[in-house]
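Have the model open as you read along.

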Amino acid sequence: MRVNRKSLLAAGAVAVVATLGLASCASGDSGSDGDASASGTLTVWVDAERVDALKGAAEAYTEKTGVEVELVGKDNADIKDDFIQQVPTGKGPDITMGAHDWLGELSTNGVVAPIELGDSAGDYLPVAIDASTYEGTVYMLPYAVENIAMLRNADLVAEAATSYDDMIKKSNDAGLAQTFVVEQGAEGNPYHLYPFQTAFGAPVFGTTEEGYNPEDLQLGSAGGEEFAKWLGAHGKTGTGDFNTDIDADIAKDAFLTGKTAFWLTGPWNVGSAIDAGINVAIDPVPSPTADPASPFAGVKGFFISAESENKVAANDFLVNYIGTEDVQLDLFEAGNILPALEAAAESASSDPIIEGFAAVGDEAVPMPAIPAMGSVWQYWGIAEADVINGADPVATWQKLTADVQAAIAG
Amino acid sequence: MSTMIDDEVGTAPPQRPTKRQRRAANIADAASGGVRMLLVKMLFLAILDAVALYAAFILVTGGQWLVAALVALVAAVVNWIYFSRRRLPAKYLAPGIIFLVVFQVFVLIYTGYIAFTNYGTGHNGSKEQAVSSLMASSLQRVEDSPTYPVTVVDQFGTLGLLVTDPDGDALVGTNDQPLQEVDAEMEGGEAVAVDGWTSLSFADVLARTDEITELAVPFSDDPNDGAVRTPDGSNAYLYVSSLEYDEAAGTMTDLSSGTVYSDIGTGAFTSGDGEELLPGWQIVVGFDNFVRAVTDERLAEPLVYVTLWTFAFALISVASTFFLGLFLAIVFNDMRMRGRRYYRVLMILPYAIPSFLSALIWAGMMNESFGFINQVLLGGASVPWLTDPWMAKVSVLLVNLWLGFPYMFLVTTGALQSIPDDITEAATVDGAKPWQVFRLIKLPLLLVSVAPLLIASFAFNFNNFNVIYMLTDGGPRDSSAPIPVGFTDILISMVYKVAFTGQSRDYGLASAYSIIIFIVVAVISIIAFRRTKTLEELN
């Protein structure tokens with residue numbers, strides 16, 4: 001009996017502590033809600049790696065206007081879904097960092113507010129403004145433009161390749177184990193293959209004044225089938241340049257260890273190549289045809305929440321502070337991607353690496369943000385992977401086109 | 001846990017109490033120490049009440065009445081239970097029940113509720129939010145219109161905009177009053193103040209953000225000329241709206257095409273020919289999601305083989321991990337083996353590594369051209385571990401075996417040690433062979449205690465999303481299927497792909513599917529538990 005009472009009291013103590021924890025959780029959640037509406041604080045969700053770059057702008061803004069700017073570092077992968085879920089509850093941020101290909105989804109969910117860039121719209125790179133516009137309305141303040149390019153190990157191959165075949169030849173002349181690498185995977189990676197596809201004159205969608213037109217699917221044009229044939233000829237049963245077993249890590253390893261001199265990738269990988277002591281040069285993507293090989297451009301920027309209670313301050317902060325050369329350069333230093341503001345892009349281009357990417361970026365087209373693109377991604381990669389692994393190129397490509405058309409029609 | 005591994009405890013002579021036992025005894029003594037314990041109890045309850053009071057206060061100021069009432073109620077009940085001299089069972093049960101309600105019951109009910117709504121992409125918030133979002137995005141800046149420098153001004157509580165037009169003239173207007181020319185005080189070519197109006201400082205502007213967001217000053221008497229709005233309080237632009245909302249009729253009208261979109265109860269404004277204006281809003285849709293879940297034609301064919309594979313995956317995983325775990329437990333239970341403890345620690349390692357991580361590492365090792373297994377272990381072979389439909393299934397099972405056997409090893413080790421040695425001895429004296437002892441005596445006794453865990457393990461593996469998602473992501477893809485399903489997809493990973501494809505998130509459909517899967521697993525588990533009751537009669 002005695003034992004029972006003891007353990008009972010111990011259990012009582014545990015229970016109270018537990019309930020205590022529970023209650024404090026509840027109060028924590030609700031506390032932040034009350035604070036946000038009361039004071040003039042701008043809450044900004046920022047990719048955790050760029051918090052420091054924005055601190056200066058945030059402090060300068062607070063000093064000038066008295067509006068506190070609270071920067072919340074978030075994992076880039078969670079921002080979009082968290083934003084969509086939290087904005088309608090009123091607990092989301094006023095501003096979030098993001099990428100232009102989220103636009104279709106954010107707009108369909110009604111969680112973003114339009115941004116008026118006013119006369120400053122002309123100060124940005126045209127591709128950045130195109131990408132920030134959805135159905136004729138600007139929703140994003142762009143800060144960086146990102147695209148892939150051909151990284152070359154200048155110690156192994158001294159000169160840039162003039163065409164795809166030239167690159168293969170230069171690679172073979174240098175006696176390298178692999179001609180070139182580009183990340184793929186069991187389900188392909190159409191983003192990285194897109195430059196080759198555009199060289200054959202087969203963009204995904206046609207364009208109108210308002211942007212990409214989901215009803216004009218160009219993917220299945222004659223150029224698309226030509227591309228598929230070419231891809232098949234360089235795949236597993238052909239020359240073997242493309243291999244779906246090469247994923248991001250394997251591609252990186254091949255370039256860093258000098259197994260290959262050419263790596264088709266983005267600015268996010270340049271740092272590790274330089275750290276590995278490689279003499280990196282940035283070249284345009286060598287085209288397999290006479291036309292240029294233009295990659296997708298990804299544009300990064302800031303969105304304002306549709307439910308923000310501080311829209312005036314949010315607009316002011318973005319358009320008049322983030323849209324200045326100094327802040328754009330700060331952000332550039334944090335991420336090493338080309339600033340979206342033209343003046344900042346020019347200063348940043350004094351770096352040969354950035355200049356290289358910027359030159360390729362001149363040819364780049366914004367990645368479509370329209371919801372129909374989701375249906376394309378679903379089938380595109382797997383079809384390309386099948387072609388690389390020896391499936392009949394034309395038949396596979398026709399099936400891809402049919403599947404995408406059916407999915408878009410719903 | 002430690003006693004299960006440490007088999008010496010049962011056989012060793014009585015020892016002095018360990019440090020941990022002494023500490024437990026101290027706590028127990030302290031717990032019974034009348035006044036001191038009472039004080040501790042009072043202290044904890046006081047802290048609890050303080051926090052609850054604070055939480056309720058914050059919630060009430062935030063307008064969350066229901067949650068505030070619940071917090072107060074729970075705090076009151078907890079106080080009543082622990083101050084009472086009786087309520088012995090409640091003192092035991094209250095904390096567990098509170099946690100059960102918060103972390104299990106609430107989540108279940110909420111999932112159930114979502115299954116009956118159209119929550120997902122395009123139906124994300126309330127109707128009010130959808131309307132305001134549609135109206136905001138329907139504003140189009142008038143082409144080639146200039147940027148107007150503005151000052152926000154106030155007259156007896158009514159906000160107005162003091163606009164400087166490109167000719168340098170000052171104009172003022174309000175929501176109801178179109179822009180009119182006025183004589184204003186100019187500064188640097190911009191109008192900053194006008195008689196009869198108070199100019200707002202930037203701080204004032206921010207304080208009245210809501211009103212300023214709503215402020216649209218008609219450009220002229222003709223509404224087609226549009227209205228001037230200021231997004232940032234210092235510059236204004238001329239906008240026309242392409243949509244008109246009629247709240248009384250509940251319709252949206254596209255002013256350029258004249259199409260009328262009305263609320264027909266589907267959670268979005270819909271035109272006569274079925275075209276929807278998105279964003280829409282969340283509504284309750286009854287059993288629609290369940291109907292869609294079972295009648296989706298795209299799923300008809302994949303559903304059959306995915307279901308078969310799900311059962312095969314769960315059953316084979318349970319069987320393989322159980323028998324490997326049992327085999328190792330028997331081997332390491334043998335007294336003649338030296339250094340058993342070290343081996344046991346090694347055996348448990350796969351269990352200690354997060355399954356996310358190990359699945360990703362296995363995916364790397366099984367890469368066909370570059371993986372460690374093909375390149376190093378098999379000397380450059382090209383076994384399509386993850387890319388051939390059948391090999392991928394074998395690989396998934398192998399990796400899951402690697403991840404799962406330590407658990408079974410731990411459980412069976414504990415259960416084996418609880419079987420008294422004299423039973424084995426008696427059997428041996430009666431002339432039974434080791435295999436007979438195992439099969440006829442040890443295994444049935446073992447199953448009595450382990451069978452419920454096997455059922456739980458089946459339920460776990462039936463929904464083992466992590467391994468599939470991290471290792472193969474359901475692949476290799478079945479390129480003939482109309483949805484992006486693969487040959488190693490189990491039901492839960494297929495549901496994930498169907499409900500969350502591309503840019504669309506269909507939480508309603510996903511919840512409906514997960515409820516269906518829950519029912520399947522629950523029915524199987526109930527039947528299995530009934531069966532295992534017969535085992536208990538062995539004891």
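Helix α6(B) has a kink of about 40°, centred on B:Val101; the bend is the angle between axes fitted to the seven residues ending at a residue and the seven starting there. This is a predicted model, in which local features need pLDDT of at least 70 and side-chain atom pairs count only at pLDDT 80 or more, while totals for chains, interfaces and linings use all residues. Residues are numbered from 1 along each chain as its sequence is written, and chains are lettered from A and ligands numbered from 1 in the order in which they are written.

Within α6(B), the buried residues (20 or more other C-beta atoms within 10 Å of their own, C-beta atoms being placed from the backbone) include B:Ala94 and Ile114 of chain B.

| Pair | Angle | Axes |
|---|---|---|
| α5(B) and α6(B) | roughly 160° | within 10 Å |
| α11(B) and α17(B) | about 135° | 9 Å apart |

The angle makes α5(B) roughly antiparallel to α6(B) (over 145 degrees). Their contact (C-beta atoms, placed from the backbone, within 7 Å) involves B:Val74, B:Val78, B:Ile81 and B:Tyr82 of α5(B), and B:Ala90, B:Lys91, B:Ala94 and B:Ile98 of α6(B).

By contrast in topic, α11(B) and α17(B) are oblique to each other. Among the residues that meet there are B:Phe313 and B:Phe322 in α11(B), and B:Phe458 and B:Phe462 in α17(B).

Over in chain A, ten of the twelve residues of helix α11 (residues 311–322) are buried, including A:Lys311, A:Asp316 and A:Phe317.

Conventions: Helices (H or I, at least four residues) and strands (E, at least two) are DSSP runs, numbered from the N terminus. Axes are lines fitted to C-alpha atoms, for helices over the stretch in contact, and angles run from 0 to 180 degrees between N-to-C directions. Angles under 35 degrees count as roughly parallel, over 145 as roughly antiparallel, 65 to 115 as roughly perpendicular and the rest as oblique. Two residues are in contact if their C-beta atoms, placed from the backbone, lie within 7 Å.
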